[in-house]
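Visitor: I have a model open and a few quick things to ask. Can we go through it together?

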Amino acid sequence: MSQTVRGVISRAKKQPIELVDIVIPDPGPGEVVVDIIACGVCHTDLTYREGGINDEYPFLLGHEAAGTVESVGAGVTHVEPGDFVILNWRAVCGECRACKRGRPHLCFDTFNATQKMTLTDGTELTPALGIGAFADKTLVHERQCTKVDSEADPAVAGLLGCGVMAGIGAAINTGNVSRDDTVAVIGCGGVGDAAIAGAALVGAKRIIAVDTDNKKLHWAREFGATHTINARDLDPVETIKDLTDGNGADVVIDAVGRPETWKQAFYARDLAGTVVLVGVPTPDMKLEMPLVDFFSHGGALKSSWYGDCLPERDFPTLISLYLQGRLPLDKFVSERIGLDQIEDAFHKMHSGEVLRSVVVLK
């Protein structure tokens with residue numbers, strides 16, 4: 001039988017969110033009902049509310065979540081009731097052309113639950129990133145659940161479901177940062193600081209943080225930045241070169257996603273260095289540069305979706321490192337809030353007051 005729980009929805013573009021009753025169906029084949037313990041407030045949820053993803057309202061918001069498997073549908077073998085899991089929005093299919101070529105992190109046909117969660121009047125909900133975890137419970141595909149060590153704090157673990165994994169993966173998986181590399185990160189919010197933490201984890205010798213907010217630069221040092229640059233006071237490109245013997249950084253990560261920051265990343269890298277774009281640009285943004293500059297620079301220009309992660313490979317490893325005290329994931333949690341405080345959390349995130357507000361339900 002279906003069950004009715006509390007959930008946070010967005011009914012219309014740029015309208016305040018609502019805490020309402022939603023209906024969760026029993027899991028069907030390949031589906032899982034997860035009892036949500038904690039869910040981070042990510043900028044993507046705000047983008048859904050603002051109409052920046054699509055117009056398939058009403059949205060059931062929330063996706064950076066951890067919880068416990070409550071029940072499973074027919075044929076589910078990946079998890080079982082009682083498992084502590086992190087939810088992910090890129091559940092690879094194993095069958096598309098990317099998967100079959102050994103590039104599952106680029107999967108073109110990721111899994112979601114088949115059944116729809118609804119309002120009590122039967123209106124179908126669109127779950128954010130196929131998850132919808134600003135709710136007491138949610139319905140997902142079994143492959144959207146990754147089992148990890150239950151000793152982890154759920155408020156911390158759930159952040160790997162999106163932003164923190166995107167940043168760590170941008171450094172380690174996409175940028176291939178390794179020991180003794182020089183790294184620059186432009187934009188020191190949650191994703192940028194996660195990239196800094198990832199670079200520090202693998203032993204980068206110099207990590208340069210760039211932002212226009214001194215508070216964020218202070219946070220960046222807590223995650224491992226060795227140098228900071230306030231771009232309001234200093235030219236980022238020239239300062240990064242000065243800090244890298246005139247060469248530029250081996251890897252430059254743009255965690256902002258604007259034409260001007262991407263250009264800074266391009267010109268601040270070493271000639272054979274790598275630029276990683278992990279900040280998400282809007283569809284209207286254009287880039288205009290001399291083509292000869294691309295020709296005269298070697299290296300690589302990459303974009304990073306979800307940190308090019310494989311949840312089954314990366315989540316358990318990163319949780320293990322966190323539990324060993326080697327990865328400070330707990331520092332990303334700025335505050336713990338209830339479902340009725342999410343609108344306020346959006347304002348705090350937009351103004352740069354927090355790295356992550358985390359909704360704690362249990």
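Visitor: How many aromatic pairs does the structure hold?
Guide: Eight. Keep in mind that this is a predicted model.

Visitor: What sort of aromatic pair do F266 and Y267 form?
Guide: An edge-to-face one, with 5.0 Å centre to centre and 90° between the planes.

Visitor: And is F266 buried or exposed?
Guide: F266 is buried, at a relative accessible area of 1%. Y267 is partly exposed, with 26%.

Visitor: Where do F266 and F294 sit in the chain?
Guide: F266 is in helix 8, residues 259-268, and F294 is in helix 9, residues 291-296. They are 28 residues apart, so the pair links distant parts of the chain. F294 is partly exposed, at 29% relative accessibility.

Visitor: Which residues do the ring pairs link into a cluster?
Guide: W262, F266, Y267 and F294.

Visitor: Changing topic: what volume does the second largest pocket have?
Guide: About 180 Å³. It is lined by 13 residues, and N112, A113, K116, P127 and G130 are the closest to its centre.

Visitor: What is that lining by class?
Guide: Six nonpolar, five polar and two charged residues.

Visitor: Which residues does the UniProt domain annotation cover?
Guide: The unreviewed UniProt entry gives "Enoyl reductase (ER)" for residues 7-361. Over that stretch the chain is 26% helix and 26% strand, and the end C-alpha atoms are 11 Å apart.

Key. Residues numbered from 1 in each chain as written. Predicted model: local features only at pLDDT ≥ 70, side-chain atom pairs only at ≥ 80, totals over all residues. Heavy atoms only, no water. 1 Å grid on protein atoms, 1.4 Å probe; cavity = no way out; pocket = protein on both sides within 12 Å on 5 of 7 lines; lining within 4 Å. Points joined across faces, edges and corners; volume = space filled by probe spheres on them. Nonpolar A, V, L, I, M, F, W, Y, C, P; charged D, E, K, R; others polar. UniProt positions renumbered as here; feature names shortened; annotations may be inferred. Helix = DSSP H or I, 4+ residues; strand = E, 2+ residues; numbered from the N terminus. Phe/Tyr/Trp six-rings, centres within 6.5 Å; stacked < 30°, edge-to-face > 60°. Buried < 20%, exposed > 50% of the residue type's maximum accessible area, 1.4 Å probe, protein only.
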